[in-house]
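Work through the following exercises with the sequence and the 3D structure open beside you. Try each task yourself before you read its solution.

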Amino acid sequence: MAVNRDKVKIHVSHLKKNFGKLEVLKDISTDIYEGEVVVIIGPSGSGKSTFLRCLNQLEEITDGQALIDGVDITDKHVNINHVRENIGMVFQHFNLFANMNVLRNLTLAPVDLKKATKEEARTQAMEMLAKVGMQDKAEAYPSQLSGGQKQRVAIARALCMHPDIMLFDEPTSALDPEMVGEVLQVMKNLAAEGMTMVIVTHEIGFAREVSDRVLFMDGGYIVEEGTPQEVILNPKEPRTIDFLNKVL
Amino acid sequence: MVRIVTVYGRLLLEAMGQTLILALSGLFFACILGLIFGLMSVVRNKVCNVIAVIFVDAIRSVPMIVLAYFIYFGVPAAINNMPGMSFTLSALQAGTVALALNCGAYMAEIIRAGIQSVDRGQMEAARSLGLPYWRAMQRVVLPQAIRTMIPSIVNQFIITLKDTSILSVIGFPELVNTAKNVVASTFRAFEVWGLVAVMYIIVILTLSRCAKILERRLNRGR
């Protein structure tokens, strides 16, 4: 896959995150390149979701730096809403807007933020729905969809803002097993198109197949990182070995 | 009975009209106050949160009759004691303020609870797309919150409508005050108070039926 090593999309240095007295992220530093697909694995409570949520400031960063396309999102003068327009996020529990049908879910942000006219947004939404195989359900409400369908719509919704980074927070963890495949397939297609992706997941097989790099997190640190070959097949750190023995 | 209706019916109907005017003006401002303080209690700002809590706690702890006396007699008295100041409130104005404050505090709680009942993920998803906080609130969170708030709001409206009767103590010519006068001149307490009760029942049942229809309409498509 085409990773552009000349262009750093996400630069994180000495990032810390506390919830009150609890230190969830202790010292995280890494660079993520354009077109790179990074998968974050690790035991629950290791801080992987928190780390992901820090990247679009859904969690306020306590200390350290995070640059998105060179823009320091910890800087109080930076308009975080503008930064977020370029970072799509997909949640474990889908979080489709329950009061709107699928089409409106997709067109809300582009129209409200004046990225597109109603007509353009609609056309584009239908294209995105086709891309995730959901064009038949444009008029349906979220409550009428299965988990896998909801998640595919959620991905399409994020794509409608034309982000150049996509964050996935355990996108398949809330799905029935038979629906995991359809969502992973959409993500694979996205990776093949060269999208920069950061994915928190428990799907080790998917990580091996799709990712350029795997980060193993534990106790608020990145304990080990490298290609899936290195981290998943030949882990060096005892904690990584221990974790993989439990999940594989 | 028939004589009461024919002779005093019109008077009592007019009084019911006054009751409704008072209730509606009180409710109107109560909704505004409730929205302001309800939102102040959910935003991530300690100062706003504390102000909202103080407002709600203070108002809820004061009986409405005390609030009415305080606003109608107390506040103008205090202002008139200042040199060169002259200030009076009509019973309608004072009554509206008392109702608005009282009902507003409960509305604030209903609105806070309604907003908090909407899953946090809804706000997060909207924010993750780049929508500013208030835009997300307006487009995504509030429409869902209102759905859950409607039964409580209707309940509060009914309580406030009935609470207008307390404002008979400051001399506003609403239904109870008028009925008192009618009883005083006719000595027909049973008929008059019975009639007044029936009038309240009719108005409030109409209100709650309309609310049911509205609720059903809002829940369509879910």
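A polar contact is a pair of N or O atoms within 3.5 Å, where, within protein, one atom must be able to donate a hydrogen and the other to accept it. Keep in mind throughout that this is a predicted model.

**Exercise 1. Decide whether B:Gln144 is buried or exposed, and find what its side chain reaches.**

Solution. Begin by locating the residue, and you will find B:Gln144 in helix 6 of chain B. Next, take its relative accessible area, which is 12%; since buried means under 20%, B:Gln144 counts as buried. Then follow the side chain of B:Gln144, which reaches the backbone oxygen of B:Val140 at 3.1 Å, a distance to be set against the cut-off of 3.5 Å for a polar contact. Finally, list the neighbours, leaving out residues up to four places away in sequence: B:Gln144 touches B:Val118 and B:Gln122, and in chain A it touches A:Ala98 and A:Asn99.

**Exercise 2. Describe the contact between chain B and chain A: how many residues take part, and what area is buried?**

Solution. Count the residues on each side, which gives 26 from chain A and 22 from chain B. The size of an interface is often given as the accessible area lost when the parts come together. Here the area buried between the two chains is about 2000 Å², and carbon and sulfur atoms give 52% of that area. Now turn to the polar side of the picture, where 9 residue pairs, both at pLDDT 80 or more, are in polar contact across the interface of chain B and chain A, and where 3 salt bridges are found. One of these joins the side chains of B:Arg135 and A:Asp112, with 3.0 Å from N to O. On the side of chain B that touches chain A, the elements giving two or more residues are helix 5 (120-128) and helix 6 (133-163) of chain B, and the largest share, 8 residues, comes from helix 5 of chain B.

**Exercise 3. Work out the order of the strands in the open sheet of chain A, and find which strands form its edges.**

Solution. Strands of a sheet pair through backbone hydrogen bonds, either parallel or antiparallel. In chain A, 6 strands form an open sheet in the order 6-7-8-3-9-10, with mixed pairing. Strand 6 (87-90) and strand 10 (221-226) are the edge strands, as each of them pairs on one side only, and the twist from one strand to the next averages 20 degrees. Look now inside the sheet, where strand 3 (residues 37-41) runs parallel to strand 9 (residues 213-218) and is joined to strand 9 by 4 bridges; in this pair, A:Val38 stands opposite A:Arg213. To finish, find helix 6 (residues 177-192) of chain A, which lies across strand 3, strand 7 (165-169) and strand 8 (196-200), and which runs at about 145 degrees to strand 8.

Notes. Residues numbered from 1 in each chain as written. Chains lettered and ligands numbered in written order. Predicted model: local features only at pLDDT ≥ 70, side-chain atom pairs only at ≥ 80, totals over all residues. Heavy atoms only, no water. Pairing = 2+ DSSP bridges. Axes fitted to C-alpha atoms, helices over the stretch in contact; angles between N-to-C directions. Contact = heavy atoms within 4.5 Å. Buried area = accessible area lost by both parts, 1.4 Å probe. Salt bridge = Lys/Arg side-chain N within 4 Å of Asp/Glu carboxyl O. Buried < 20%, exposed > 50% of the residue type's maximum accessible area, 1.4 Å probe, protein only.
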